[in-house]
There are 2 protein chains.
Amino acid sequence: MQNQLCCQQCHFSQLCLPYSFELKEIEKLDDIIVRKNPYHRRQRLFEAGQPLHSLYAVRSGSFKSFILSEDGQEQITAFHLPGDVIGFDAIHNKTHPSFAEALETSMVCELPYSSLDELGEMFPKLRQQLSRTMSGMLCQNQEALMVLNKYTANERLSHFLASLGHRFGDRGFSPTSFRLSMTRSEIGNYLGLSIETVSRILTQLQKDGKISVEGKLINLLVPTLAD
Amino acid sequence: MQNQLCCQQCHFSQLCLPYSFELKEIEKLDDIIVRKNPYHRRQRLFEAGQPLHSLYAVRSGSFKSFILSEDGQEQITAFHLPGDVIGFDAIHNKTHPSFAEALETSMVCELPYSSLDELGEMFPKLRQQLSRTMSGMLCQNQEALMVLNKYTANERLSHFLASLGHRFGDRGFSPTSFRLSMTRSEIGNYLGLSIETVSRILTQLQKDGKISVEGKLINLLVPTLAD
DNA sequence: CGACATGTTGAGACACATCAAACTGAGTGG
DNA sequence: CCACTCAGTTTGATGTGTCTCAACATGTCG
């Protein structure tokens, strides 16, 4: 498959699974990938309880992952940008424990897990990359734990914005000027803050001259938002 | 290696890597495992910044994993019981991002990562088990995120004790009566609570007749500590 | 037995949640 | 094109869960 949708043409391949692959390996990976129609806001890649069929690599747009508590409360566990792979948490029980939902119109590459498993048999680099990616997610989660336990509301939000900017930068976008695809409510849910606190701190950061806010448009005005 | 320390004789092998292995596979795994001398309280398996040499399976006793913030604050990210494997977060950068420290006198099995990698080449089940374990840790982290974001101090501690009891039960110990190998301070650090709050809630849970506390000895008196 | 870490308990402070009300903007239908 | 709606956002007033500070009790280990 040598069309415009293949991994070689994808701007985010160096962040995604093909990282450090040889040409031949990329072509093999391309063969198993299913390109899907765009997902629209609120549409789901999968729901909790569904059996694991595929992992999904974000091609454009963004997604949120979330789990539900026993009493039905939503807890957002991650926001996914292009190049991120979604669904690793389902490998454990071969069932998705979480939901994945588009935050805006988005494209994904579907990676059937059985094909990925077979391909891993042949390509050690693919196996290593899968391990590397999951391990990296563990590191992120540890960082997130510290943010929630040790940081104030202001620090959490600053860290969130800086981290988002950094991730946009990695993807070739501006690290200081971007559009939030998630609502204030979703940010608050993720950071363990009320929606009012998110709003208040956003305006306060603006008053302090650290950022400028125009609805969903964010501008980071100081290199680090710390202190 | 057919001594008393081999995986076949280990009570926790069904929770550990050999889960669902054939005899031949277990023997191969046994060959690469290094049995170490006991670690004493405060001794470390590894420190942040050290290159990844090995993963470690807890054989007896318990450990904590923690990371340090830029300003040197400790954040405990997990407590490890027998059968748990420690060090997966180091695969990402081939360097440990975290510390692992014994909470009491403990034994571990050292699993040299390069040997594990080679062995994975031959045994698909080992690869799958490694993936399954890492995926399971992702699920745990998601749960932890919800506990921190949505639960009150009382609920966090109740959930912590119930979860610990459950894990002891899985290992053939009493799920309702156990000894805490970590200090109040370490519990508070992990749950994002002050040491005073941990202490207060422990005594309050006792007054409510839900648990009995005698220093580090805990008795869970109601099946679920909820509400 | 003394010394030092660990744990308990109380009083006051504060960061953030909750409640309440008004504002904005995007989409819808007349 | 304008009213209408409704989700999302902002801002203010008040409440509260947990932290902090402080003093004391207990346990542990040389």
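In this predicted model, a cavity is a set of grid points where a 1.4 Å probe fits but cannot get out, and its lining residues have an atom within 4 Å of a point.

Q: Which residues lie nearest the centre of the largest cavity?
A: The lining of the largest cavity is made of 26 residues. By class, 15 of them are nonpolar, six are polar and five are charged. Those that lie nearest the centre are A:Arg127, A:Ser131, B:Arg127, B:Leu130 and B:Ser131.

Q: Which helix gives the most to the lining of the largest cavity?
A: The largest cavity holds about 420 Å³ of space. Helix 2 and helix 3 of chain A, together with helix 2 (113-122) and helix 3 (124-150) of chain B, each supply at least two residues of its lining. The greatest contribution, six residues, comes from helix 3 of chain A.

Q: Where on helix 2 of chain A do the buried residues fall?
A: The buried residues of this helix (residues 113-122) are A:Tyr113, A:Ser115, A:Leu116, A:Leu119 and A:Gly120. Seen down the axis of helix 2 of chain A, they fall within an arc of 155 degrees, so they line one face of the helix. On the other side of helix 2 of chain A, A:Glu118 and A:Met122 are exposed. The buried residues are therefore found on one face.

Q: Which elements of chain A do the buried residues of helix 2 of chain A pack against?
A: The buried residues of helix 2 include A:Leu116 and A:Leu119. As a set, the buried residues of helix 2 pack against helix 1 (23-32), strand 3 (54-60), strand 8 (107-112) and helix 3 (124-150) of chain A.

Q: What kind of axis relates the two copies?
A: Chain A can be laid on chain B with an RMSD of 0.0 Å by a turn of 180 degrees and a shift of 0.0 Å along the axis. The two copies are thus related as by a two-fold rotation axis.

Q: Is B:Arg42 buried or exposed?
A: B:Arg42 lies in the loop between strand 1 (34-35) and strand 2 (44-46) of chain B. Its phi is positive, about 85 degrees, although it is not a glycine. Because its relative accessibility is 56% and the cut-off is over 50%, B:Arg42 counts as exposed.

Q: What is the relative accessibility of B:Lys94?
A: B:Lys94 is in the loop between strand 6 (85-86) and strand 7 (99-102) of chain B. It has a positive phi of about 55 degrees although it is not a glycine. B:Lys94 counts as partly exposed, with a relative accessibility of 43%.

Terms used. Residues numbered from 1 in each chain as written. Chains lettered and ligands numbered in written order. Predicted model: local features only at pLDDT ≥ 70, side-chain atom pairs only at ≥ 80, totals over all residues. Heavy atoms only, no water. Buried < 20%, exposed > 50% of the residue type's maximum accessible area, 1.4 Å probe, protein only. Helix = DSSP H or I, 4+ residues; strand = E, 2+ residues; numbered from the N terminus. Arc of directions from axis to C-beta. Contact = heavy atoms within 4.5 Å. 1 Å grid on protein atoms, 1.4 Å probe; cavity = no way out; pocket = protein on both sides within 12 Å on 5 of 7 lines; lining within 4 Å. Points joined across faces, edges and corners; volume = space filled by probe spheres on them. Nonpolar A, V, L, I, M, F, W, Y, C, P; charged D, E, K, R; others polar. Least-squares fit on C-alpha atoms with pLDDT ≥ 70 in both.
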